[in-house]
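Please keep the model in view while reading.

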Amino acid sequence: MTNRKFFVGGNWKMNGNKQSIDGIADFLKTGPLDPNTEVVVSPPACYLGYTRQKVDPKIGVAAQNCYKVSSGAFTGDISADMIKDLGCEWVILGHSERRNVFGESDQLIGEKTKYALSKGMKVIACIGEKLEEREAGKTEEVVFRQTQAIIENITADQWPNVVLAYEPVWAIGTGKTATPEQAQEVHEKLRAWLAERVSKEVAASVRIIYGGSVNAGNCKDLGAKPDIDGFLVGGASLKPDFVQIVNARQK
């Protein structure tokens, strides 16, 4: 295995309340969680402060989105500055639901990434193709295009604060999962592409995680692949099974 630290994020999406967050905090505390895995949870924006207070300080807390400026007339949005003010240091940007439900462009996601990193935030940057794109043989074309818009907004010294999340849209919340071999193939090609477009050092060190119906049953096989450095987990992150996913690399 590489020296890239295994990373597991839990994206709660638009789910939860204080009671359920208390329950998640309890099962994360009980664990035990693999100390060699970095864990980040991502509640809805209105629960960021509450979650930060409830979960172990060793667990990161991420917003699910933020805008590209510090403040202003942007009703319903939040900024990296606000997230930091709540004691949280992570943000998910470019999730397929933001792209495909809310219509966010590659350019906007790149601009958001640039601003968040400029404020010292850490970014989970999401990329991934839709089913019709995969069936048309366009997986690499789409993934590389989306990644290009992100890397253009990252300076060399900011790469340690970036995690790339490959999430094939056809496998999110559908019960379908890319096979470990399918996921590894995309991760491997993306890492080789990064070596050409950015640097061999960045390609070797950046963590590329997989998201798409990851669960306790498939996490060990996925996590065993050499270029899969962890997971971004949706529904399963709301359940005690999340602990097994965090511990996917344990023997």
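The expected span of a helix is 1.5 Å times one less than its number of residues. In this predicted model, helix H8 covers residues 180-197, and because its 18 residues at 1.5 Å a residue should span 26 Å, the 25 Å between its end C-alpha atoms agrees with that expectation. Along H8, the buried residues are Pro180, Ala183, Gln184, Val186, His187, Leu190, Arg191, Trp193 and Leu194.

The largest pocket holds about 550 Å³ of space, and its lining is made up of 21 residues, among which Met14, Gln64, Asn65, Arg98 and Phe102 lie nearest the centre. Helix H4 (96-100) and helix H5 (106-118) are the elements that give two or more residues to this lining, which divides by class into 10 nonpolar, 5 polar and 6 charged residues.

The second largest pocket holds about 270 Å³ of space. Its lining consists of Lys5, Leu28, Lys29, Leu33, Asp34, Pro35, Thr37, Glu38, Val39, Asp56, Lys58 and Ile59, and the elements that give two or more residues to this lining are helix H1 (18-30) and strand S2 (37-42). Strand S2 supplies the largest share of the lining, 3 residues. By class, the residues around the second largest pocket are 5 nonpolar, 1 polar and 6 charged.

Key. Residues numbered from 1 in each chain as written. Predicted model: local features only at pLDDT ≥ 70, side-chain atom pairs only at ≥ 80, totals over all residues. Heavy atoms only, no water. 1 Å grid on protein atoms, 1.4 Å probe; cavity = no way out; pocket = protein on both sides within 12 Å on 5 of 7 lines; lining within 4 Å. Points joined across faces, edges and corners; volume = space filled by probe spheres on them. Helix = DSSP H or I, 4+ residues; strand = E, 2+ residues; numbered from the N terminus. Nonpolar A, V, L, I, M, F, W, Y, C, P; charged D, E, K, R; others polar. Buried < 20%, exposed > 50% of the residue type's maximum accessible area, 1.4 Å probe, protein only.
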